[in-house]
Structure formats: structure tokens, C-alpha cells
Amino acid sequence: MLTAGDMVISRNGAGYFDYSFGGTLGAAMLDTIRFLLLTRPLEEYRHESDKVPAYQLPYIQRFFWLMSISQRGIGWSFKADHSVPLVEPHHLTRKAFVTSRLRRIFIYYTLFEAIQLYIRCNPVFSSQAPLLSQGYFLGWLNVMAIPWRFYAGLNWIHSLLAMIAVGTTLHEPRSWPVPFGQLKDAYTIRRFWGRTWHQFSRYTLTLFGPHRRKRRPWDHALSSDPHGMERDPWIKSYIRLCNAFLCSAFMHTCGDVILQFKIWENMLPTTSSQKVIYPNVIGFSIPCFVLQPVGVLIEDVVMEVGRSIGLRKKGWMKMFGYLWVSLWISYSTHLWTQGMKNAILLAYPVSTDGGVKDGVTVIERVANRICGIDLAATIRSWFMR
């Protein structure tokens, strides 16, 4: 109920951030279902520092134990070994870790601002023109600008929090691995979503589906059972994958709902006799995510055919995989980013930047002060040619 109320009243006046906030509320609803209905965390979870089961702790200690559960399972018994990258060995000392995160903040904040500047200066983001209307290369940049901005933004914010947590000795460096995996692992769609993309919602999303055998980490007899490590049948794993992307679609649709409330607010009739037709934007996020299992099914079939005719994993096959993932993600993401852009323009029609009230970026200030260049005007002129 509280989350639903937040969707009605919570907006900050910037379309992209309102959408992200809606997605965060959606994730909170799924987490609520996870902890209240699908799991018994006091019995099924264990942190690596626990000496006794959490249900034996006093109430206050249980409360803080629950509040410390990592979304990605870092240090917890439910973390998938391959889903979260490890902190590099040469960054395990506090000084080296803080230095590396300062470097990451500089790199990713600069990238974040560069993408902000591109979106604000490109007229396609402040009009109803299709993102692909500027040709193949610019069209591809337009489609990927929003996901890249999320990628850069999450990286620099995560690095800042990691630097503070480790620098103040609140956490150890190994508790703060980078939020995204390596691009070299993304030669299949399954690996892109399972290893390269961030894993903050992985465990919550995979709970909605055929359940694995529950293993209580304090039950040594069960944890040593070799059958507990058996792989699921392919069909069961695929059904779980489909359910995970359906839940992801729901989570992102909560962002659609936030924008829809803003559209309704903008178009309230001024008189009782006035009839208003409200455009509907709820659901534009769904196609992108429900298509992902289709892509995984296609590549699974192709790989199985390849195995049956004797093909082995080689360098050229990985290169083909990278091309396949790039094309598929670009195509499916286009359905999402185009819908988001149009919805934000409906929700924030006064803004000339597609709903993102960025103001002047640090990059512009530096370019103007050092080189005397009006960077925004220069970039806009490129699109006017």
C-alpha cells in the first residue's frame, strides 16, 4: 500500500529519474514478496561471519542482520559464484581500493555527463522523431544512450559509496566488487544478463518460478548432499528464466506508471464539461524484457545444433556471439528507449531536453573556461547540418 501511494505522489520533475524511481519501487515490491512469502531468511540465509543461526540472535541483532542482506548476495550463502565479479587482488588493500574507486568515479562521471550533454543537445530527444531517424550510426547511439547513462551513473555512484564505506573502515574492500561484469563475457544473451549486466535484482527475480531445492546453510548433512548440486533440467531452467524476465518487465512497468500519473496530472480538465482523452503509456517497457527469453531460446537451439554437428567453441564463434548479442540487445532496447522517450515528452511537454533538466554540465564549464568553447551550441550545430 505504501509503495502504491509513493507511485502516485513521488515525482522529482525529471522524467528519466522519475522512471528510475518507479523501477526502484517495483523492485521493492518484489523484495517484499520475496522476504514475506517466498523465503525464510532467518533459516535459509547465512552470512560468512555468522557464528550461530540468525533466528537465535536477540531481536535487535536480527533486525540489523536482516538490514545488512546484500542484494547481490556478497558474503551470503545465496550468492551465485559466477554472477558477481571479485575485487581485483591488487585492490584488496584500503589505499589501493580507494585510489581505484577515485579513478572510476572520474572516468564514469565524465562519461555520464558526456551522455547527458549528448541527450540534451540532440533534437531527436526533444521531439517525437524516431530515435533511428538520424541514420544507422547515430540511431544506434540514440538507442544506447539511455542504457549507457544508467551504466555510467550506477558505476560512479557505486564507486563513491564503496570509497566511503571502505575508506571509513565500515566495510572491507572485497565487499564492494564493481556493479557490472566484463564485456568479454557477453557473447551470449544468457551470459550478458547473467554475468555482464548488474546483478542487484538477480536473486529476487529468480525466486519467481520453479524453485530449486532449498538448502539450509546450517544443516551440514544437507549441504554435503551431492544431489543438492545437480543442475536443473533445461526446461525448468528456461521457465525460471521466463518468469525472471516477466518480473523484470513488471518492475520496469512501475516506471511507466509513474510517468502515466504525471500525464494524467498534466491533462486534468479545467471545467466539469470538458472531456479529455488521456494517452496511455503503461506497458511500453514490457516488449523489451519479454523478448529476452525468445533470444535465449534462439541461441540455445543454434548452439545445440552446432554441438550436434561437431562444432567446438572457437575464437570466430565468440566473435559471432558478440555480434549477435549486440544486434539483439540493440533491437530489443530500441523498443524500450523509444517508448520511454515518447512517454517522457508527454509527461513533461514543457521541457526542451526530453524531461531531463540537467542544466550546464561540468564538461561544458571546463570547455568554456579553458578553451572558450560553447560546447552545447557546437554539438547542436552538428545536428543542424
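Lys262 and Glu265 are three residues apart in helix H10, so about one helical turn separates them. Helices here are DSSP runs (H or I, at least four residues), numbered from the N terminus. This is a predicted model, in which local features need pLDDT of at least 70 and side-chain atom pairs count only at pLDDT 80 or more, while totals for chains, interfaces and linings use all residues. Residues are numbered from 1 along each chain as its sequence is written, and side-chain values use heavy atoms, with hydrogens and water left out.

**Salt bridges**
- The structure holds nine salt bridges (a side-chain nitrogen of Lys or Arg within 4 Å of a carboxyl oxygen of Asp or Glu).
- One of them joins Lys262 and Glu265 (3.3 Å, N to O).
- Lys262 is buried at 15% relative accessible area, whereas Glu265 is partly exposed at 38% (buried means under 20%, exposed over 50%, partly exposed in between, with a 1.4 Å probe and protein chains only).
- Arg190 and Asp300 also meet in a salt bridge (2.7 Å, N to O).
- Arg190 lies in helix H7 and Asp300 in helix H12, so this pair ties together parts 110 residues apart in sequence.

**Helices H10 and H12**
- The axes of H10 (residues 234–266) and H12 (residues 292–308) come within 9 Å and cross at roughly 150°.
- The two helices are therefore roughly antiparallel (an angle over 145 degrees).

Technical notes. Axes fitted to C-alpha atoms, helices over the stretch in contact; angles between N-to-C directions. Parallel < 35°, antiparallel > 145°, perpendicular 65-115°, else oblique.
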